[in-house]
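The sequence and structure are shown first.

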Amino acid sequence: MTKIAVVAVGGNSLIKDPIHQDIPDQYAATVETTKHVASMIDQGWQVLLTHGNGPQVGFILRRSELSRGELHAVPLDYCGADTQGAIGYMFQRAMRNEFKKRGIDKQAATVITQTLVDRDDPAFQKPTKPIGSFMDEATAQEHAKTEGWTVVEDAGRGWRRVVPSPLPQKIVEFDAIMALIRAGFTVIASGGGGIPVIERDGHLEGIEAVIDKDYAAATLARDLNADLFLITTAVDKVALDFGKPDQQWLDTLTLAEAKGYLAQGHFQPGSMGPKVQAIIWFLEAGGKEALITSSENIERALAGETGTRFVP
């Protein structure tokens with residue numbers, strides 16, 4: 001089999017700015033990202049693509065809020081399934097068109113992916129992941145009373161619902177994903193970190209939670225024994241003291257250096273922190289190499305011209 005790369009694309013990368021949020025704009029962004037992924041495939045990589053879905057889930061939740069009283073609400077696990085299908089469709093179509101343009105004899109397929117989490121994960125005791133719209137305190141407390149939501153005040157901007165963010169344990173559809181990769185498909189899977197499920201008496205149950213997509217991608221990369229784990233983000237490289245006068249861009253980090261800098265607080269929880277932690281777990285499990293860069297610089301990063309490379 002050719003070299004396998006797991007490429008994790010952020011959900012925000014499909015939305016360039018607040019005035020380009022509709023479906024045609026998201027598809028245009030998908031087409032742009034697909035060109036760079038296709039270049040990897042041209043170079044001989046077998047790619048498994050995973051993606052974020054935070055903004056898209058937010059749109060579905062907002063529609064549910066606006067249609068309250070007219071239509072049923074959409075549970076959070078179903079929001080994940082909906083967005084996996086919709087974003088997967090965009091990538092499948094964009095990839096088919098790009099493959100045809102380049103003369104690549106290949107097909108793309110999306111796997112609606114469930115991710116098993118531990119029902120005793122401590123995250124269930126302390127929900128932290130904000131979802132949905134901002135509310136005033138009275139509305140938030142009413143939701144908490146009638147629907148059992150956990151709500152918090154968010155930095156003076158209003159109140160929001162928060163849900164647990166448990167760690168991924170297993171990709172339920174892993175065997176199907178592996179079979180497609182072995183058959184030569186470019187696979188889109190584990191969108192948004194996967195649909196969180198728990199197991200009870202041998203049966204799976206969907207839950208109201210959000211799984212970090214980079215953590216789930218690291219789980220996939222580990223189980224696939226991937227040759228490369230590539231995370232795209234808004235910047236070309238990782239930096240120490242990001243945004244400060246003494247900011248320092250990083251070309252290469254060893255596993256030990258990455259763990260040290262993370263412990264020192266250089267990579268923030270809401271920004272680069274989860275990406276670096278996901279890579280640490282991948283390398284600790286025997287991963288060979290990881291890379292963080294922007295989508296538009298994938299080719300240059302693979303050539304060693306930019307990006308931050310992580311090695312054991």
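Over the face of which residue does Arg160 lie, and at what distance from the ring centre? Arg160 lies over the face of Phe134, at 4.9 Å from the ring centre. A charge counts as sitting over a ring if NZ of Lys or CZ of Arg is within 6 Å of the ring centre and within 35 degrees of the ring normal. Arg93 is placed likewise over the face of Tyr27, at 4.1 Å from the ring centre.

The model is predicted, so local features need pLDDT of at least 70 and side-chain atom pairs count only at pLDDT 80 or more, while totals for chains, interfaces and linings use all residues. Residues are numbered from 1 along each chain as its sequence is written, and side-chain values use heavy atoms, with hydrogens and water left out.

**Salt bridges**

Side chains of opposite charge can pair when their charged atoms come close. With a salt bridge taken as a side-chain nitrogen of Lys or Arg within 4 Å of a carboxyl oxygen of Asp or Glu, the structure holds 17 salt bridges. Three of them are listed here.

| Glu98 | Arg102 | 2.7 Å |

Helices (H or I, at least four residues) and strands (E, at least two) are DSSP runs, numbered from the N terminus. By contrast, Glu98 and Arg102 both lie in helix H3 (residues 76–102), four residues apart, or about one turn of the helix. These two residues also belong to a network of salt bridges with Asp42 and Lys101.

Burial is assigned from relative accessible area (buried under 20%, exposed over 50%, partly exposed in between; 1.4 Å probe, protein chains only). Glu98 is buried at 6%, whereas Arg102 is partly exposed at 30%. Asp214 is buried at 3%, and Lys213 is buried at 12%. Glu289 is partly exposed at 23%.

**Helix H5**

In helix H5 (residues 174–182), the buried residues are Phe174, Ile177, Met178 and Ile181. Seen down the axis of H5, they fall within an arc of 95 degrees and therefore line one face of the helix; the arc is that of the directions from the helix axis to the C-beta atoms. The elements they pack against (contact means heavy atoms within 4.5 Å) include strand E1 (4–9), strand E2 (46–51) and helix H6 (213–224). Just after H5, Gly184 takes a positive phi of about 95 degrees.

**Aromatic pairs**

Rings of Phe, Tyr and Trp (its six-membered ring) pair if their centres lie within 6.5 Å; planes under 30 degrees apart count as stacked, over 60 as edge-to-face and the rest as tilted. The count by this rule is three aromatic pairs. One of these joins Phe229 and Phe282, whose ring centres are 5.5 Å apart with planes at 70 degrees, so the pair is edge-to-face. Because Phe229 lies in strand E12 (residues 228–233) and Phe282 in helix H8, the pair ties together parts that are 53 residues apart in sequence. Phe229 is buried with a relative accessible area of 0%, and Phe282 is buried at 2%.
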